[in-house]
Amino acid sequence: MTRVLINEPGPPRPAPGRSTSRIDRHVLALALPLATAAIALSLPLSSAALAAAPADPPALRVCASKGAAPYAAVDGSGFENRIAAIVAGAMNRKAEFVWTDKPAIFLVRDMLDKGACDVMIGIDDGDPRVLTTTPYYRTGYAFITRADSDLKLTNWSDDDLARVRRIAYQFHSPSEEMLKQTGLYEDNLIYQYSLINFTDRRNQYTQVPGDVLVSEVAKGAADVAVAFAPDVARYVKASSVPLRMTMIDRNGMTAAGKLVPQQFDQSMAVRKDDAALRSELDAAIAKVRPQIAAILREEGIPPMEPGLGQ
C-alpha cells in the first residue's frame, strides 16, 4: 500500500548559490556579536515556546483502491478525493489516502479492519461490517439511453423494456437480479461477457467499467445501459453524444415478491470500535454538507435526499 498526504505548498526558499557582497559581510561582522547575544538570551524562552506549541493534528487516513476511479484516484481526480479533503479540513486535519492495488470490495477486510487506514468514503449506510456515519448523499441505479432514443424507462415494470434488444449492466448488482425477471438476462449473456473479453471470473473480481457501459450506449452498440449512478455520471456528462440518465424508481420487485432496492443512502465508515472518530466525522459532514452537494453536482450525479431508507 502507498500513502499520499495532501499538503499545502511550503514557504518560498532563497535562490540557491546567491552570493554575499563585501558591504554585506562588513555589516554582518558588526552585527554578529549582538545577534549571538540576542540568541543566547532568547533561547530559554524559545525552548519553552516550542514545548508549549500544539502538536500537528493526526491525518485522516482514508482507505482507497487504485482501481476505484471515478470515486478515488491516485492523481486526485476522483470526486471522493475532494470530499475527503473538505471533510478532513472541517476536522482541522489533512486527508491522507492509503492505497491498495486490490479492488475496493476488499477495503474493509484487508485495510480498515487491519488498521492500515481509519475511514472509508462512500459505503452503503448501515453496512453491518462497520460503523457508518450519518448519510451524506443518496443515489442508486440508473438507465442510460441516448437522448434521441424513444425508450422511456423509469422502472423495471416499464412496457418499453419489451422493446430493448441489447442492454449492458454491472455484474453482481441489483440490476442483474432484476434482469433475470425480464427475459433480457439470458438474451444478453454473450454480449455482456464480450464487454470483459470473456474473462474467466473464477477467483477474481471482474467488472464492466463505467466508461465502457456509457460508450456502448453512445455508439449504439447497446439500446440501454443500467449502472450505479456514481460509476457513470462523469462519463454521461462528458459524452459527445447526448445521453439521458434516469434514476430507477426506488425499488424493484421479483416475480416471487422479493423486494430489490435500487437506491441507497451513502455514508462514511470506521471500524466498529471507533465511535469517537465517527462522531468527529458526523460533526464535520454537517459543517460541509453544501460543499459535498456541490461536488456531487459537478460530478453529474443526480441530487437525491438521503434518509428515505429502503
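The legends below describe close-up views of one predicted model.

In this predicted model, local features need pLDDT of at least 70 and side-chain atom pairs count only at pLDDT 80 or more, while totals for chains, interfaces and linings use all residues. Residues are numbered from 1 along each chain as its sequence is written, and side-chain values use heavy atoms, with hydrogens and water left out.

**Figure 1. Overview of the chain.** The secondary structure comprises nine helices and twelve strands; helices (H or I, at least four residues) and strands (E, at least two) are DSSP runs, numbered from the N terminus. Of the 310 residues, 43% are buried, where buried means under 20% relative accessible area, exposed over 50%, and partly exposed in between (1.4 Å probe, protein chains only). The chain exposes about 16,900 Å², of which carbon and sulfur atoms supply 56%; accessible areas come from the Shrake-Rupley method with a 1.4 Å probe, and for residues only the protein chains shown count as cover. Among contacts (heavy atoms within 4.5 Å) with a separation of 6 or more, 73% link residues 24 or more positions apart.

**Figure 2. Helix α7 and its surroundings.** Helix α7 spans residues 210-218, and its buried residues are G210, L213, V214, E216, V217 and A218. The cover over these buried residues includes strands β6 (137-146), β7 (167-168), β8 (224-228) and β9 (243-247), together with helices α6 (189-194) and α8 (229-238). After α7 comes G220, which has a positive phi near 85°.

**Figure 3. E216 within α7.** E216 lies in helix α7 and is buried, with a relative accessible area of 8%. Leaving aside residues up to four places away in sequence, E216 touches Y191, L195, A221 and A222.

**Figure 4. Strand β6 and its paired strands.** Nine of the ten residues of β6 are buried. Strands count as paired if DSSP finds at least two bridges between them. Strand β6 pairs in the antiparallel sense with β12 (residues 263-270) over four bridges, and T139 has F264 of β12 as its bridge partner. Four bridges also join β6 to β8, again antiparallel, with I144 opposite A225. The antiparallel pairing of β6 with β9 has five bridges, and here A142 stands opposite M247.

**Figure 5. W99 in strand β3.** W99 is found in β3, which covers residues 95-100. The residue W99 is buried, with a relative accessible area of 1%. Although W99 and V62 are 37 residues apart along the chain, their C-alpha atoms are separated by 8.4 Å.
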